[in-house]
Amino acid sequence: MANRFVTLNDIFEARERLKGISRHTPLEPSEFFSQMTGSNVFLKLENLQKTGSFKLRGAYNKIAALGKDAGKGVVAASAGNHAQGVALASSQASIPATIVMPEGAPITKVERTRSYGAHVVLAGQGYDDAFRRAREIRQETGAVFVHAFDDPLVIAGQGTVGLELLEDLPDVEAVLVPIGGGGLISGIACAIKEQRPEVRIIGVEASDAPCMLQACRIGKVHELTSAQTIADGIAVRRPGDLTFEMVQHYVDQIVTVDDEEIAWAILMLLESSKLVVEGAGAVGISALLHKKCDLCGKKVAVILSGGNIDVNVISIIIERGLVKAGRYLRLRTIVTDKPGSLQKLLSALAASGANVISIAHDRIKPNVPLKQAEVEISLETRNADHIAAIVESLEKKGYVLDILK
């Protein structure tokens with residue numbers, strides 16, 4: 001297949017190749033998010049796909065179509081999810097695979113990629129650095145390069161998500177799709193728009209990695225100077241040439257969400273829907289929650305594109321989400337260093353309805369006056385209004401507070 005627009009027929013062919021390989025993932029209605037947003041919300045659970053994300057679809061479609069061209073194996077670059085898709089697809093086709101991942105890639109994604117039998121090379125600080133190293137390996141070895149997004153066969157594989165969505169929700173009115181390099185949204189948009197052109201396709205990027213939005217604004221592919229976000233799966237500095245063209249043709253709108261908004265969405269999905277979703281997979285819900293587009297009263301499908309989140313990182317993301325939701329407060333104050341002072345402060349906090357998570361009392365810290373002590377407290381709170389009430393109550397009692405970030 002040449003580097004051309006993907007067609008609806010390409011996507012139907014990909015679905016045939018993927019039979020027995022990928023899962024037809026659930027599409028679940030969400031009463032919680034419907035009430036919060038005013039839309040009729042349905043969640044497409046690609047976080048439950050094999051390997052934990054949609055990436056298996058495109059990777060397998062590409063590798064299954066290679067035939068004899070894969071004699072020297074395949075090489076790919078990935079922040080994690082595409083790596084696992086390529087690794088699993090290659091193992092099933094008995095083709096050796098080399099995957100280049102950023103040095104800071106989540107440990108779980110690296111280890112799972114290795115567990116599927118791929119050789120993992122760590123290089124660079126982000127996807128784009130890994131991409132350059134993978135191209136060098138391609139030149140050195142003659143292996144076939146399996147692009148993470150800018151390949152017609154990969155895009156067609158991702159487009160099968162759109163086919164499933166229309167089968168399960170024929171009257172959908174809008175679809176929110178994460179954007180990194182653009183492979184997922186290109187495939188989904190083609191699958192849906194070619195059958196129901198009135199459906200709104202809305203892409204969502206991290207505000208610190210808006211490569212597709214910037215390209216669309218200036219009318220050409222543009223490389224960002226950096227792409228640092230907790231949504232590592234979409235931390236891409238340069239979109240694909242083909243995906244850029246397809247996005248221009250099919251996508252109605254692109255919006256962005258920041259890391260605080262993404263963290264809150266991860267927390268809401270975990271707490272309300274019992275769904276573990278990575279940063280890239282949560283951007284669609286984040287956009288809906290933060291009213292980035294007017295979809296009130298509409299039947300909306302949100303693609304939860306992946307669930308491969310590092311357990312060592314999830315606690316940080318949850319903490320950021322708690323802060324965003326007004327559910328967590330850290331403060332510092334000074335009390336007199338005498339019996340009963342700390343108890344008096346804790347009693348005031350108890351009366352305010354806050355739950356103490358941790359407390360540190362320090363009477364010898366530099367710059368703390370004699371006969372006084374510094375107290376640093378972490379609190380569980382209900383919301384932003386509750387935090388404001390706690391602060392006001394303590395200040396009225398004479399405490400000078402330093403709110404910690």
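Is Gln-158 buried or exposed? Select Gln-158 and colour by accessibility: this residue is buried, with a relative accessible area of 1% (buried is under 20%, exposed over 50%, partly exposed in between, using a 1.4 Å probe and protein chains only).

Before moving on, a word on the model: it is predicted, so local features need pLDDT of at least 70 and side-chain atom pairs count only at pLDDT 80 or more, while totals for chains, interfaces and linings use all residues. Residues are numbered from 1 along each chain as its sequence is written, and side-chain values use heavy atoms, with hydrogens and water left out.

**Stop 1: around Gln-158**

Show helix H7, residues 152-168, which holds Gln-158 (helices are DSSP runs of H or I with at least four residues, numbered from the N terminus). Now display the residues that Gln-158 touches, leaving aside those up to four places away in sequence: Phe-54, Lys-55, Arg-57, Gly-58, Ala-148, Gly-183, Leu-184 and Ile-188 (contact is heavy atoms within 4.5 Å).

**Stop 2: H3 and H4**

Lys-55 also belongs to the next contact, on the H3 side. Select H3 (residues 55-64) and H4 (residues 81-92), whose axes come within 8 Å and cross at roughly 40 degrees. Axes here are lines fitted to C-alpha atoms over the stretch in contact, with angles from 0 to 180 degrees between N-to-C directions. The two helices are therefore oblique to each other (under 35 degrees is roughly parallel, over 145 roughly antiparallel, 65 to 115 roughly perpendicular, the rest oblique). Among the residues in contact are Leu-56, Ala-59, Tyr-60 and Ile-63 of H3 and Val-86, Leu-88 and Ala-89 of H4. By class, this contact has seven nonpolar, five polar and one charged residues (Ala, Val, Leu, Ile, Met, Phe, Trp, Tyr, Cys and Pro are nonpolar; Asp, Glu, Lys and Arg charged; the others, Gly among them, polar).

**Stop 3: H9 and H10**

Move to H9 (residues 211-218) and H10 (residues 241-250), which pack at about 70 degrees with axes 11 Å apart; they are therefore roughly perpendicular. Met-212, Ala-215 and Cys-216 of H9 meet Thr-243, Phe-244, Val-247 and Gln-248 of H10. That contact divides into five nonpolar, two polar and no charged residues.

**Stop 4**

Finish at Cys-296, where the nearest cysteine sulfur, that of Cys-293, is 12 Å away; Cys-296 is exposed, at 56% relative accessibility.

Methods
A disulfide is a pair of cysteine sulfur atoms within 2.5 Å.
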